[in-house]
Amino acid sequence: MSQADHFTVRDASAADTPALAALLATTTGLALARGARRLVAAAPDGRLLATLRLDPPLGLQTPRHWYRVGCTVHASAELRLFLRQATLLLGNDLTGAHELADLAMAPGGDAALQALVWAARHAVASDPATGDGHRLIAELPGLRDAQGRSPFWDGLGRPFCALDPAEALARHGPGWLADVAALLPRQLLYAAFLPDAAQAAIGAVHPSAQAVHDVLQACGLRWQHQIRIDDGGPVLEAS
């Protein structure tokens, strides 16, 4: 536990459940998997200013998948051609990293969330049984339209799986992504073959998550060309 001038960073307790449900806008999914921790930043009057969940090394039992955004160049001096193309390759590069999830903050809670992220980074770095070289990641939601549809999923995922990601999540839980990944192409994909809206969504953050993105960046997490397979949202990393 650490104390700041205007909030305390600590592990969540059962008494925090109602406040957590309000902060995360959900009454479900608050139970912790084995090895996970939920941290909160609490004001002196007990109000929760921010929260996050620190998960143990991921993908070691059920595989996790991401697309790696790469680059290939087609060039011909004779034709005076130089064309740089973005590529996508499905893989498991982040297996073994710890994950930050359920990041949320009350209005004006940026400093509180920053303190939680730094506390999580310290916990990972000081754990002798840590995973992949103290690697820490956080997935951020990608772009969606007014109807909640993901242009990235519509352009790349839906031809292989007709389910809508939000519908699949509600029906099957977060494990649905491991199942759907088996349906997606394993070959290198040229992003240019995707619709323009899908290409524009690669690595883009949903506006609702921009404040959290900025906090993570301030704490040293950076985009290293990994994206989510459901909506193309960026995965930020620190090590």
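**Cysteines**

I started with Cys 161 in this predicted model: Cys 161 is buried, at a relative accessible area of 10%. Next I looked up Cys 219, which is buried too, with 0% relative accessibility. How many disulfides does the structure hold? I found zero disulfides.

**Helix 7**

I then went to helix 7, residues 210-218, and asked which of its residues are buried. My list reads Val 212, His 213, Val 215 and Leu 216. Why do these residues sit on the same side of helix 7? They cover an arc of only 160 degrees around the axis, and that puts them on the same side.

What do the buried residues of helix 7 pack against? I noted four partners: strand 7 (98-105), helix 2 (110-125), strand 8 (136-139) and strand 11 (234-238).

**Nonpolar cores**

The largest nonpolar core counts 31 residues. Which of them have the most contacts inside it? I wrote down Leu 52, Leu 100, Leu 113, Val 117 and Leu 216. At least two residues of this core come from each of strand 3 (37-42), strand 4 (48-55), strand 7, helix 2, strand 8, helix 7 and strand 11. Helix 2 gives the most, with seven residues.

**Aromatic pairs**

Tyr 67 turned up again when I turned to the rings. A search of the whole structure gave me three aromatic pairs. One of them joins Tyr 67 and Phe 152 edge-to-face, at 6.0 Å centre to centre and with 75 degrees between the planes.

**Salt bridges**

My count comes to 17 salt bridges. I began with Arg 53, which has two entries in my notes. With Asp 55, the closest N and O atoms of Arg 53 are 2.7 Å apart. With Asp 102, the closest N and O atoms of Arg 53 are 2.9 Å apart. Arg 53 lies in strand 4 and Asp 102 in strand 7, so this pair ties together parts that are 49 residues apart in sequence.

Buried or exposed? I checked each partner. Arg 53 counts as buried, at 18% relative accessibility. Asp 55 is buried too. Asp 102 is partly exposed, with a relative accessible area of 26%.

Next came Arg 144 and Asp 231, whose side chains meet in a salt bridge at 3.7 Å, N to O. This pair links distant parts of the chain, 87 residues apart: Arg 144 is in the loop between strand 8 and helix 3, and Asp 231 is in the loop between strand 10 (222-227) and strand 11. I noted Arg 144 as partly exposed, at a relative accessible area of 26%, whereas Asp 231 is buried at 1% relative accessibility.

Which residues are linked with them in a network of salt bridges? I listed Arg 64, Glu 99, Glu 139, Arg 228 and Asp 230 alongside Arg 144 and Asp 231.

**Asp 11**

My last stop was Asp 11, in strand 2 (residues 8-11). Asp 11 counts as partly exposed, at 39% relative accessibility. What is Asp 11 in contact with, leaving aside neighbours within four places in sequence? I found Asp 16, Arg 37, Arg 38, Leu 39 and Val 40.

Notes. Residues are numbered from 1 along each chain as its sequence is written. This is a predicted model: local features need pLDDT of at least 70, side-chain atom pairs count only at pLDDT 80 or more; totals for chains, interfaces and linings use all residues. Side-chain values use heavy atoms; hydrogens and water are left out. Buried means under 20% relative accessible area, exposed over 50%, partly exposed in between (1.4 Å probe, protein chains only). The arc is that of the directions from the helix axis to the C-beta atoms. Contact means heavy atoms within 4.5 Å. A nonpolar core is a set of buried Ala, Val, Leu, Ile, Met, Phe, Trp, Tyr and Cys residues joined through side-chain atoms within 4.5 Å. Rings of Phe, Tyr and Trp (its six-membered ring) pair if their centres lie within 6.5 Å; planes under 30 degrees apart count as stacked, over 60 as edge-to-face and the rest as tilted. A disulfide is a pair of cysteine sulfur atoms within 2.5 Å. A salt bridge is a side-chain nitrogen of Lys or Arg within 4 Å of a carboxyl oxygen of Asp or Glu.
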